Amino acid sequence: MALFKADQVAARLPLMNSDGANDLVPQVGDFTVPAGMVVGDVVEMVGVPAGYVPVDLIIDNDALGTTFAANVGFLTGTYNSSGARTCGAEFIAAAAFQTAGIKRPTVAGSSRILPTKQQSHLDLPSGDRGIGFVVNAGLAGLVVGSKVRFTVLYRPQIEGK
């Protein structure tokens, strides 16, 4: 299946860091639905730096199609990497994207996800993680050109959590 990336991910914009231990950092990803998406396609929308934990996720989407559904979660591999990647459902399982609306996490524990560690050697993966969605049902009446925006709020880990 194909791997698509939000505008900000494709542009390789850096992930933002906080100035203080309790600061929330917003990270935004915008995606325009292309022609030819199929069930199983993965879209990387935003990233969370190593040493940070997600606090909240806000999804604002246009109507994407008559039966469009997707899981929202972390992607395998490191942030903005290429190759085959899969997407979990740590935030939302089988979200209905067929109508325009706002979505928030529905999976218990999504605000208690532990951070990854920053790697100390340049030749190791960074530990930064991508968040996105995988199309798992539908695509009937796919609305090409419709928009999806993810806003993730994350904070630095505090005492390992």
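Start by selecting S2 and S9: these two strands pair in the antiparallel sense over 8 bridges. Strands here are DSSP runs of E with at least two residues, helices are runs of H or I with at least four, and both are numbered from the N terminus; two strands pair if DSSP finds at least two bridges between them. Before you go further, note that this is a predicted model, where local features need pLDDT of at least 70 and side-chain atom pairs count only at pLDDT 80 or more, while totals for chains, interfaces and linings use all residues. Residues are numbered from 1 along each chain as its sequence is written, and side-chain values use heavy atoms, with hydrogens and water left out.

Still on this pair, pick Asp30, which stands opposite Arg149 in S9.

**The rest of the sheet**

You have an open sheet of 4 strands in the order S2-S9-S4-S7, with antiparallel pairing. Strand S2 (25-32) and strand S7 (101-103) are at the edges with a single partner strand each, so one side of each has no neighbour in the sheet. From one strand to the next, the twist averages 20° (axes are lines fitted to C-alpha atoms, for helices over the stretch in contact, with angles from 0 to 180 degrees between N-to-C directions).

Zoom in on S4 (residues 52-61) and S9 (residues 147-156), an antiparallel pair with 9 bridges. Which residue in S9 is the bridge partner of Val53? Select Arg155 and you have it. For Tyr52, the bridge partner in S9 is Pro156.

**Gln8**

Next, go to Gln8, in helix H1 (residues 7-10). Is Gln8 buried or exposed? Its relative accessibility is 16%, so it counts as buried (under 20% relative accessible area; exposed is over 50%, partly exposed in between, with a 1.4 Å probe and protein chains only). Leaving out residues up to four places away in sequence, Gln8 touches Leu13, Val28, Gly29 and Asp30, where contact means heavy atoms within 4.5 Å.

**The core**

Show the largest nonpolar core: among its 34 residues, Met45, Val72, Phe133 and Phe150 touch the most other members. A core here is a set of buried Ala, Val, Leu, Ile, Met, Phe, Trp, Tyr and Cys residues joined through side-chain atoms within 4.5 Å. Elements giving two or more residues to this core include S2, S4 and S9, along with strand S3 (42-48) and strand S5 (69-74). Center on Val72; beyond four places in sequence, its contacts include Leu57, Ile59, Phe97, Phe133 and Phe150.

**The rings**

Switch to aromatics, where the structure holds 8 pairs (Phe, Tyr and Trp rings, the last by its six-membered ring, with centres within 6.5 Å; planes under 30 degrees apart are stacked, over 60 edge-to-face, the rest tilted). Phe68 and Phe133 have ring centres 6.4 Å apart and planes at 65°, so they are edge-to-face. Phe68 is in the loop between S4 and S5 and Phe133 in strand S8, so the pair ties together parts 65 residues apart in sequence.

Then select Phe97 with Phe133: centres 5.7 Å apart, planes at 25°, so this pair is stacked. Phe97 is buried at 0% relative accessibility, and Phe133 is buried at 1%. Zoom out to one aromatic cluster of Phe4, Phe31, Phe68, Phe97, Phe133 and Phe150.

Last stop: Lys103, whose charged end sits over the ring of Phe97, 4.8 Å from its centre (NZ of Lys or CZ of Arg within 6 Å of the ring centre and within 35 degrees of the ring normal).
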